[in-house]
Amino acid sequence: MSTDNKPVQQEAVAESQFQKPGDLVERDDDTGVMQVESLCMNCHENGTTRLLLLRVPFFRDIILESFECDHCHFKDNSVKSAGQIQEKGTKYTLTVQNEDDLQRQVIRSDVSVFKVESLGIEMPKGESQLTTVEGVIQKIHESLASEQPLRKEQAPELHDALVPIIDNLQKILNREGFPFTVSLDDLTGNSWIAPTVNDSGNNYYKRRDYPRTHEQNEELGIASDPNALQNEGVAEVDDSEIVDGQVYSLPTECPGCTKPGFVNMKKVNIPHFKEVIIWSTSCEHCGYRTSEVKTGGEVPEKGKRITLKIENEVDLSRDILKSDTCALHSDELEVTVQPGTLGGRFTTVEGLLTEIRDQLHGQIFDVDDASGAGGDSMAGSDKEKWTRFFSRLDSAISGEMKFGITLEDPMANSYVQDLCAPAVDPQISTEEYTRTEEEEEELGLKDMKVEGYEEDAEKEDENAEQKS
C-alpha cells in the first residue's frame, strides 16, 4: 500500500472513531482540523469537538481532541491513539536530571499510570493527556493542594501526611528537587515519554515492553476466550523427557488477538556455553509472530562483559545470544540497547543489528515511511542526524565498515560464537565484573534467600497452626 494514501486513511480512522449518526463534520483543508458537533456532558446541549491527527516523532500517530460548549462554556481536551492496542504493554522509567528532562513530551492514555517513584505517589487512570513531564507534575500538585483545606477539617492525619509530598512537588516545579524518578506504565502500549539524543550511553531513560497477562487483557476488554487461562502454559511434559532439538507445543493465548494458540519450545545445547530454551509463537488468526530465548542454570556470582570486533562478513555471521537481562552498546555505531528492550534473542550479529535498525526506524520515522519524514514536529537537524545514523548502521550490516559491540550481562547469560574454540579467539575479549547494587535490586537478587528457607517455612507453618 502506498504511503501517499496513508493520510487519507488516517483521517477516515479519526472520523470513524468520533463521528456518530447525525454529527456535523467539517474539515479545514489548510490546518487539517476537523469539527464535530457533539453533546456536552455538562449541560447536554450541542457543543463543538475539534480533532487533529498528529504524527509524533519517535512514537506514532495520535488524535488531539478538544471540546468547547458555547452554552455553558465547558471545555475539555484529551489525546487518543489513532491506531490499535499494541501487542505488548510498555513501561518507561526516567530519572529527571535537569530542566530539559522536565520539558520532555509525555503522552498518557486513559489506562496508563504515571508515578513519581521518588515520592511514592501516582496519577490514577482515567484521563488522557498530551503534555510534558512538568505538566504532569503540575497537575498532580494542583490536585493534591486544592483539596488540602477540606482534608484539614475532615482527615487531619491524611492532611499532615501529604504536606511534605506537596512541598517536594513544589520544589520540583521550582527546579530545586533534582534528581527524581518518574515512570509511565501502559497496558495498551500507547503511552510514551520522549527520548533524547543524550540518552545513549546512560541509564536514566529506560523502556521495557512486557507481555500482558490474561487478566490484563480482560481489563482492556480484549480477552476472547474465558477458558483460555485454564489451558495457558499447561503441558504434560516431564523435564527429564525434554530432548535436545525436539519441538514441543504448549497451549497459550495470542498476545496480539487473544485467541487460543500454541507456543513452540525447543531445547538447544550451545557448544562451550550452556543449554537454552527457544520459544516461538506464530498465530494463525492474526499473523502475530515472535521468538525469545531463555537460559537456565544457577545465578552466577559475577556478571560478564563480552566485546566482539567485527572486521568481515564471517564475523557478521557469528551466532550471538543476547539474553533479556543484557545491555548492548557500540561506540562506532553510537548504538545503545537497554536490558529488556529486544527481549532474549538467539540470532547472528547481522540479524541482531537488523532487528535494532528496524525497531528504531519504526519508532523514529514510521514502519511504512521510506522517505524519513519523521513526523510533524521533528527538527531538520534531527532528521539529518538520524539519516546519518541509519546510513552508518546499514554500512555495518552490509559489511562495509569495521566496528565493535559489547554485551554486558549481569546474569552472564549472553554468548558470542567462538570460531577458534578451544583456542583463544582474537576477535573476542571476555571479562567478569561485580554487579552493582542497582543491578542486584533490579534482578531481585537482594530479596532472594537460598539458605535457611526451610527453617523459615517450618516457623511460618507453626505460627499458622498456633493462630488456628
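1. A salt bridge here is a side-chain nitrogen of Lys or Arg within 4 Å of a carboxyl oxygen of Asp or Glu. The side chains of E431 and R305 meet that rule, with N to O at 3.3 Å. E431 lies in strand β25 and R305 in strand β18, so the pair ties together parts that are 126 residues apart in sequence. Helices (H or I, at least four residues) and strands (E, at least two) are DSSP runs, numbered from the N terminus.

2. A word on the source. This is a predicted model, in which local features need pLDDT of at least 70 and side-chain atom pairs count only at pLDDT 80 or more, while totals for chains, interfaces and linings use all residues. Residues are numbered from 1 along each chain as its sequence is written, and side-chain values use heavy atoms, with hydrogens and water left out.

3. Now the overall picture. The protein has twelve helices and 25 strands. Of its 468 residues, 36% count as buried. Buried means under 20% relative accessible area, exposed over 50%, and partly exposed in between (1.4 Å probe, protein chains only). A contact means heavy atoms within 4.5 Å. Among contacts in the protein with a separation of 6 or more, 61% join residues 24 or more positions apart.

4. Which strands pair with β18? Strand β18 (residues 303-310) runs antiparallel to strand β25 (residues 428-433), and six bridges join them. Strand β23 (residues 403-409) also pairs with β18 in the antiparallel sense, over seven bridges. Two strands count as paired if DSSP finds at least two bridges between them. On the β25 side, R305 stands opposite E431. On the β23 side, I306 stands opposite L407.

5. E431 counts as partly exposed, because its relative accessibility is 41%. R305 also lies over the face of Y433, at 4.5 Å from the ring centre. The rule for a charge over a ring is NZ of Lys or CZ of Arg within 6 Å of the ring centre and within 35 degrees of the ring normal.

6. How many salt bridges does the whole structure hold? The search finds 17. Side chains of opposite charge can pair when their charged atoms come close. One of the bridges joins R318 and D425, at 2.8 Å from N to O. This pair links distant parts of the chain, 107 residues apart. R318 sits in the loop between α8 (313-316) and β19 (319-322), and D425 in the loop between β24 (415-416) and β25. Both R318 and D425 are buried.

7. Two further cases. R357 forms a salt bridge with D358, and the closest N and O atoms are 3.3 Å apart. R357 is partly exposed, at 24% relative accessibility. D358 is partly exposed too, with a relative accessible area of 45%. Elsewhere, E99, E134 and R175 are linked in a network of salt bridges.

8. Three strands form an open sheet in the order β10-β7-β12, with antiparallel pairing. β10 (129-132) and β12 (192-193) are at the edges, each with a single partner strand, so one side of each has no neighbour in the sheet. Strand β7 (residues 105-108) pairs with β12 over two bridges. There, V106 stands opposite I193. Helix α3 (residues 133-146) lies across β7 and β10, at about 105° to β10. Axes are lines fitted to C-alpha atoms, for helices over the stretch in contact, and angles run from 0 to 180 degrees between N-to-C directions.

9. Last, the aromatic rings. Rings of Phe, Tyr and Trp (its six-membered ring) pair if their centres lie within 6.5 Å; planes under 30 degrees apart count as stacked, over 60 as edge-to-face and the rest as tilted. The count by this rule is four aromatic pairs. One of them is Y92 with Y205, a tilted pair with 6.2 Å centre to centre and 50° between the planes. Y92 is in strand β6 (residues 89-96) and Y205 in strand β13 (residues 205-210), 113 residues apart. Y92 is buried at 4% relative accessibility, and Y205 is buried at 11%. F389 and F390 have ring centres 5.3 Å apart and planes at 75°, so this pair is edge-to-face. F389 counts as buried at 7% relative accessibility, and F390 counts as buried at 7%.
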